[in-house]
Amino acid sequence: KKRSYHAHNFILPTIYTSLHTTNMFKLALISALAGSAAAFAPAQTGARSTSLNSFSADDLPGALAPMGFFDPLGFAEKADEATLKRYREAEVTHGRVSMLAVIGFLVGEKVEGSSFLFDASISGPAISHPGQVPVGYSAIIIAAIGFAELQRAKTGFVDPADVKFDQAGALNSDYYPGDIGFDPLGLKPEDSEELDVMITKELQNGRLGMLAAAGFLAQELVDGKGIIEHFSS
């Protein structure tokens, strides 16, 4: 059965409450904004054909040799279909944000001192950049992320008024995790097997992005040096 899929993500509610506490969370916030305006994997704008009933660990894209379906803690085994669907939504969302964050780290530090933005006054490790941005821009970022998240919620999630108290965060039965119907370049394959290959590629790159972003954050927090500076030394 064909499944619609989209590359767009982005739910970071904990970042909102932590914006004014650490520059690290500010950096993730800015990365999420970029994710709101771009897509890493294509999706079809037509009707979605994948139903919740057909969503299971047995046919999930993203498993590659030699690891196969890597789930050492048994999360998928313990999850029902609705929970498994939310797991995949969270994975693809965090993967997309992380890929954008990695690009943000490298580009932000590479153009340091030469960018036309903010009079080229932002410098230092990437985790310190958000703290150097004027406060007014943080409000714009929050508003833009809020708008993007609202649209994603309308597309993928059941209206809270229609959800039981013990089923918070339920996804629509016809929603495939990550697909918000945005494919301006028409890149989504029509063939379901080719689509699975593309989904797997995005997932693998997203997983690598999550590891890379975590490593970048940790490294810069430890010694206060930028990633580009590390590469150059």
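This is a predicted model: local features need pLDDT of at least 70, side-chain atom pairs count only at pLDDT 80 or more; totals for chains, interfaces and linings use all residues.

User: What makes Arg 88 and Glu 91 a salt bridge?

Analyst: The closest N and O atoms of Arg 88 and Glu 91 are 3.1 Å apart. A salt bridge needs a side-chain nitrogen of Lys or Arg within 4 Å of a carboxyl oxygen of Asp or Glu, so this pair qualifies. Both residues lie in helix 4, three residues apart, which is about one turn of the helix.

User: Is Arg 88 called buried or exposed, and how do you know?

Analyst: Arg 88 has 6% relative accessibility. Buried means under 20%, so Arg 88 counts as buried.

User: And what makes Glu 91 partly exposed?

Analyst: Glu 91 has 22% relative accessibility. The partly exposed class lies between the 20% limit for buried and the 50% limit for exposed, so Glu 91 belongs there.

User: Which residue of helix 7 pairs with Glu 91?

Analyst: That is Arg 207, whose side chain meets Glu 91 in a salt bridge at 2.6 Å, N to O. Arg 207 lies in helix 7 and Glu 91 in helix 4, so the pair ties together parts that are 116 residues apart in sequence. Arg 207 counts as partly exposed, with 23% relative accessibility. Arg 88, Glu 91 and Arg 207 are linked in a network of salt bridges.

User: Why are Arg 152 and Glu 149 about one helical turn apart?

Analyst: The two residues are three residues apart in helix 6 (residues 135-156), and that makes about one turn.

User: How do you know that the span of helix 7 agrees with its number of residues?

Analyst: At 1.5 Å a residue, the 32 residues of helix 7 (residues 192-223) should span 46 Å; the end C-alpha atoms are 47 Å apart, which agrees. At the start of helix 7, a side-chain oxygen of Asp 191 reaches to within 3.0 Å of the backbone nitrogen of Glu 193. Just after the helix, Gly 224 takes a positive phi of about 75°.

User: Which residues are buried in helix 7, and what covers them?

Analyst: Among the buried residues are Leu 195, Ile 199, Leu 203, Gly 206 and Phe 216. What covers the buried residues of helix 7 includes helix 4 (81-110) and helix 8 (227-232).

User: What makes Phe 75 partly exposed?

Analyst: Phe 75 has 45% relative accessibility, which lies between 20% and 50%, so it counts as partly exposed. Phe 75 lies in helix 3 (residues 75-78). Together with Leu 73 and Tyr 87, Phe 75 makes a nonpolar surface patch of about 330 Å².

User: How many helices and strands are there in the chain?

Analyst: The chain has eight helices and zero strands. Of its 233 residues, 36% count as buried.

Terms used
Residues are numbered from 1 along each chain as its sequence is written. Side-chain values use heavy atoms; hydrogens and water are left out. Helices (H or I, at least four residues) and strands (E, at least two) are DSSP runs, numbered from the N terminus. Buried means under 20% relative accessible area, exposed over 50%, partly exposed in between (1.4 Å probe, protein chains only). The expected span of a helix is 1.5 Å times one less than its number of residues. Contact means heavy atoms within 4.5 Å. A polar contact is a pair of N or O atoms within 3.5 Å; within protein, one must be able to donate a hydrogen and the other to accept it, and residues adjacent in sequence count only if both atoms are side-chain atoms. Patches are made of residues with over 30% relative accessible area and no salt bridge: like charges are joined within 9 Å, nonpolar side chains (Val, Leu, Ile, Met, Phe, Trp, Tyr) within 5 Å. Accessible areas come from the Shrake-Rupley method with a 1.4 Å probe; for residues, only the protein chains shown count as cover.
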